[in-house]
Every structure is written in C-alpha cells, then in structure tokens.
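Let's take a walk through this structure together, starting with its aromatic rings, moving on to its nonpolar cores and ending with its salt bridges. Keep the viewer open and turn the model as you read.

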Amino acid sequence: MSGRVETAGRWGLVAQFPAPLRARFARNRLAIAGLSVVVLFLIFCFIGPLLYSTDQTHTDLTQVNLPPSGSHWLGTDAVGHDQLGRLMYGGQVSLLVGLTAGVLATVIGTLWGAVAGYAGGWVDAVMMRVVDAGIAIPALFILLVVSAITSPGTLGLIVILGLVSWLVPSRLVRAETLTLKNRDYVLTLRATGGTHGRAIRRHILPNSVSTIVVAATFQIADAILLVAYVSYLGLGVQPPKTDWGGMLSAGLTAAYSGRWWLIVPPGLAIILVVCAFNAIGDGLRDAFDVKGRG
C-alpha cells in the first residue's frame with residue numbers, strides 16, 4: 001500500500017495526463033509562436049554560419065560601414081565585419097549564456113528552495129533571510145560590479161549570472177515545497193523510515209516540476225536581457241567576440257548617421273527572443289495549471 005502511495009506521489013504532475021498537457025500548450029497560439037521564434041533563432045545562430053560563412057575575427061577597412069547589398073545582406077560595421085554574420089555570431093553568445101545561466105540559476109534556486117521549505121524552522125528562516133538580502137540588491141548592480149572587476153568571458157558570464165539570478169526561483173520552489181511536504185505520500189515515506197533527502201528527490205522535486213520549468217523559461221529571458229545590459233555598457237565579452245548587446249553598443253553612434261542596419265537587427269533579435277521565452281513561460285504556466293482545466 002505504501003509503495004502505491006509513494007509511486008503516486010512521486011510522479012504527481014510529472015506523469016499525469018502528458019497528452020492533455022501538450023494539447024493545452026498547443027492551444028496557446030502565443031506560446032507556439034514563441035517556441036517557433038526560439039527554434040528559428042537557434043537554427044539561425046548555430047546552423048546559419050555553416051551556410052553563410054563570414055570572417056568575424058579580422059578587420060577589413062576597405063569594407064567599412066557598407067549598406068545592405070547582395071554581397072553583405074545586412075551591410076557591414078565600423079571595422080568591416082559582415083553584419084548578418086555578426087548577428088549569428090553574437091546570437092550564439094547571447095543564447096548560450098542566456099540558456100545556460102537560466103538553467104544554472106533555476107537549479108541553484110530549486111535546491112535552495114526545496115531544502116529551506118522542507119526543513120522549516122530556523123533553517124528555513126536563515127536560508128530565506130539570505131534570499132531576502134540578495135533580492136534587496138539589484139542583480140544588475142552586482143553583475144556590473146563583478147564584470148568591471150574581472151572582465152569575464154562567456155563562461156564567467158554564465159557563472160556570474162547563475163549566482164545572482166537564483167533568488168526568485170528559490171522562493172517559488174520553497175512555496176511549493178511548503179505545500180507538498182505535508183501530503184500523505186511524503187508523510188508515509190517519513191513514517192516508514194525514508195530519509196529527508198529521499199523525500200526531496202522522490203517527491204518534492206518531481207511534483208514541483210511545473211514551477212521549476214516555468215521559472216526556468218523566465219530566468220532564461222532575464223539572463224538574455226542582463227547579458228545585453230552588461231554588454232551594452234561595454235562590460236560583457238571582449239572583442240573579437242560579441243553578443244547582441246555589444247552590437248547595440250557598437251552601433252549606437254552610427255545610428256545617428258543613418259546606418260540603421262547596425263542597431264535595428266540586434267535590437268529586434270533581443271526583443272523577439274526575450275518575448276518568445278516569456279510567451280513560452282506563460283503557455284507552460286497555463287498548461288500546468290490544474291485549476292484552470294476545463
């Protein structure tokens with residue numbers, strides 16, 4: 001009997017009606033559009049350079065600030081780099097950092113929130129005061145200070161973003177854990193000698209999957225924005241590498257001279273990808289919403 005209770009509790013939302021879950025997500029046209037945009041940008045940034053090869057390392061002063069043409073579909077920048085190829089190259093950094101940092105932040109926040117919520121008492125109080133103190137300091141401020149000191153590369157940005165962005169997911173998972181830890185299947189496991197770690201691994205985390213997945217999509221969108229902010233201020237990845245924020249910064253002054261191709265494409269790319277991840281998050285939240293089922 002206890003085995004059946006444990007199995008039911010463990011899989012809760014994870015194994016419950018996967019087909020209806022997909023159907024509810026598919027009915028959200030905005031979420032599907034967001035998913036399509038993300039997939040298209042991944043193809044554009046990571047497969048596009050194989051089909052549209054450009055040199056993004058060396059400068060070519062004979063090809064400076066050229067307008068869009070058959071040779072350079074989006075023109076060139078101030079040092080002769082092909083802007084379309086640069087958009088692909090910069091998108092690789094923005095998407096890689098955003099996706100990886102968002103996942104890292106969600107993993108850290110999930111573990112922190114699950115332990116705090118399950119332990120309760122003074123452990124929960126101390127851990128959540130740490131979270132409250134961290135939230136009181138803007139993540140962008142911390143990121144700017146650290147970036148100014150260390151001049152991080154791609155890996156450094158991922159680590160820094162992950163370490164400053166896990167606070168909100170931890171609060172969400174903690175709230176979910178406070179509800180789940182009093183469910184019958186968790187109490188049964190504890191009564192039969194199950195450890196706290198097993199309860200978290202087998203019940204708390206699997207049944208918090210909806211909260212975790214939705215939080216991850218929003219964290220990815222926030223991470224892409226934070227990378228753009230930092231790079232726009234010149235504290236992101238250093239040349240010859242770039243990202244969309246760095247492209248915006250480099251093209252800002254040129255935009256006043258009518259060279260729109262240096263600022264419009266990366267700006268649109270940031271807006272579209274961030275909105276797309278937010279739309280996916282909204283769609284997943286609605287799909288997982290048990291109370292909202294018709």
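Two rings of Phe, Tyr or Trp are taken as a pair if their centres lie within 6.5 Å. Please keep in mind that what you are looking at is a predicted model. A search of the whole structure turns up 5 aromatic pairs. One of them is formed by tyrosine 52 and tryptophan 73, which sit 5.3 Å apart centre to centre, with 45° between their planes, a tilted arrangement. Both residues belong to the loop between α4 (48-51) and α5 (83-119), yet they are 21 residues apart, and the pair links distant parts of the chain. How buried or exposed are the two partners? Tyrosine 52 has a relative accessibility of 17% and therefore counts as buried, whereas tryptophan 73, at 55%, counts as exposed.

Another tilted pair joins tryptophan 112 and tryptophan 166, with 5.1 Å between the centres and 55° between the planes. Tryptophan 112 lies in helix α5, while tryptophan 166 is in the loop between α8 (154-164) and α9 (167-180), so this pair ties together parts that are 54 residues apart in sequence. Here tryptophan 112 is partly exposed, at 26% relative accessible area, and tryptophan 166 is buried, at 11% relative accessibility. Elsewhere, Phe41, Phe44 and Trp244 come together as one aromatic cluster.

In soluble globular proteins, nonpolar side chains tend to be buried together. The largest nonpolar core in this model has 29 residues, and Leu95, Ile224, Trp244, Val273 and Phe277 are the ones that touch the most other members. Which helices each supply at least two residues of this core? They are α3 (29-46), α5, α12 (209-232), α13 (244-255) and α14 (264-288), and α14 gives the most, with 10 residues. For a closer look, pick leucine 95: leaving aside neighbours within four places in sequence, its contacts are Phe41, Leu42, Cys45, Phe46, Ile224, Trp244 and Val273. Apart from this core lies another, made up of 13 residues, including Val93, Leu143, Leu157 and Val230.

Finally, look for charged partners. The structure holds 5 salt bridges. In one of them, arginine 86 meets aspartate 77, and their closest N and O atoms are 4.0 Å apart. Arginine 86 is buried, with a relative accessible area of 9%, and aspartate 77 also counts as buried, at 12% relative accessibility.

Arginine 129 and aspartate 132 form a salt bridge too, at 2.7 Å from N to O. Why are these two separated by about one helical turn? Because they are 3 residues apart in helix α6 (residues 121-136). Arginine 129 is partly exposed, with a relative accessible area of 48%, and aspartate 132 counts as partly exposed at 30% relative accessibility.

Aspartate 132 also meets the side chain of arginine 171 in a salt bridge, this one at 3.8 Å from N to O. Since arginine 171 lies in helix α9 and aspartate 132 in helix α6, the pair ties together parts that are 39 residues apart in sequence. Arginine 171 is partly exposed, with a relative accessible area of 42%. Through shared partners, these salt bridges join Arg129, Asp132 and Arg171 into one network.

Notes
Residues numbered from 1 in each chain as written. Predicted model: local features only at pLDDT ≥ 70, side-chain atom pairs only at ≥ 80, totals over all residues. Heavy atoms only, no water. Phe/Tyr/Trp six-rings, centres within 6.5 Å; stacked < 30°, edge-to-face > 60°. Helix = DSSP H or I, 4+ residues; strand = E, 2+ residues; numbered from the N terminus. Buried < 20%, exposed > 50% of the residue type's maximum accessible area, 1.4 Å probe, protein only. Core = buried A, V, L, I, M, F, W, Y, C linked by side-chain atoms within 4.5 Å. Contact = heavy atoms within 4.5 Å.
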